Amino acid sequence: MRIIGGARRGLKLADIGEGDAAAHLRPTSDRVREAVFNLLINGRYGNPVQGAQVLDLFAGTGALGLEALSTGASRATFVDDGAKALSLLRTNIARMKAEDAAECLRRDATALGSNPHPPFTLVFLDPPYGKAMGERALASALAGGWLAPGAMIVWEDSIAPVPPAGVTQLDQRRYGDTLVTLLRAPQ
């Protein structure tokens, strides 16, 4: 797994094997990540990555948030509740030399509570597939003030998500067993 674009293009991230197979990590493939970032940066959405405050929910290895930092985001906050995932995250942040632009939070993404940060403009949501955890996480993020008005949301799952009221679907594309849905938070 590597960073596929931007300033840190080609940087090798920590192998899942350096973590724990019992952690059930399923990182976004390089191919899907490349397609997502091409859609965001070169699509009709005005490059929501440039200067973004990124929230990476169910962060796992952090590949999505780190890719955003490499391609112009200003800051990323990674949320995961797994010890092995957080260890991999810290390793990957250090490999990228992004300690000044990244923060790891050990939290349940479906029960975030109140946001202690300025609201986020770009959100990556990559929950365990087919378990409706994305719906709960997005509802929690909205309720806790984690999303800026009009924030871009990139949601990966194996099935079509059911976004909360007020969240607008912009696009949806399938890449193998991964369904990527782009959404806009309420204004």
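Predicted model: local features only at pLDDT ≥ 70, side-chain atom pairs only at ≥ 80, totals over all residues.
Buried here means under 20% relative accessible area, with exposed over 50% and partly exposed in between (1.4 Å probe, protein chains only). Strands (E, at least two residues) and helices (H or I, at least four residues) are DSSP runs, numbered from the N terminus. Some bookkeeping: residues are numbered from 1 along each chain as its sequence is written, and side-chain values use heavy atoms, leaving out hydrogens and water. Local features need pLDDT of at least 70 and side-chain atom pairs count only at pLDDT 80 or more, while totals for chains, interfaces and linings use all residues.

**View 1. The open sheet of 7 strands.** Pairing is mixed, and the order reads β3-β2-β1-β4-β5-β7-β6. Two strands count as paired if DSSP finds at least two bridges between them. At the edges sit β3 (102–106) and β6 (168–175), each pairing on one side only. Direction ignored, neighbouring strands are turned by 15° against each other on average.

View 2. Strands β1 (residues 53–57) and β2 (residues 75–80) pair in the parallel sense over 5 bridges. Look for D56 opposite F78, and for L55 with its bridge partner T77. The chain gets from β1 to β2 through α2, in a right-handed β-α-β crossover. Right-handed means that, with the strands pointing away from the viewer, the path from the first strand over the helix to the second runs clockwise.

**View 3. From β2 to β3 by way of α3.** Another 5 bridges join β2 to β3, and the two run parallel. V79 stands opposite L105 in β3. The chain passes through α3 on its way from β2 to β3, and this β-α-β crossover is right-handed. Helix α3 (residues 83–95) lies across β2 and β3, at about 175° to β3. For such angles, axes are lines fitted to C-alpha atoms, for helices over the stretch in contact, and values run from 0 to 180 degrees between N-to-C directions.

**View 4. L11 and its neighbours.** L11 belongs to the segment before α1 (30–42). With 16% relative accessibility, L11 counts as buried. Leaving aside residues up to four places away in sequence, L11 touches M1, R2, I3, R95 and M96; contact means heavy atoms within 4.5 Å. L11 and N92 are 81 residues apart in sequence, but 9.6 Å apart in space, C-alpha to C-alpha.
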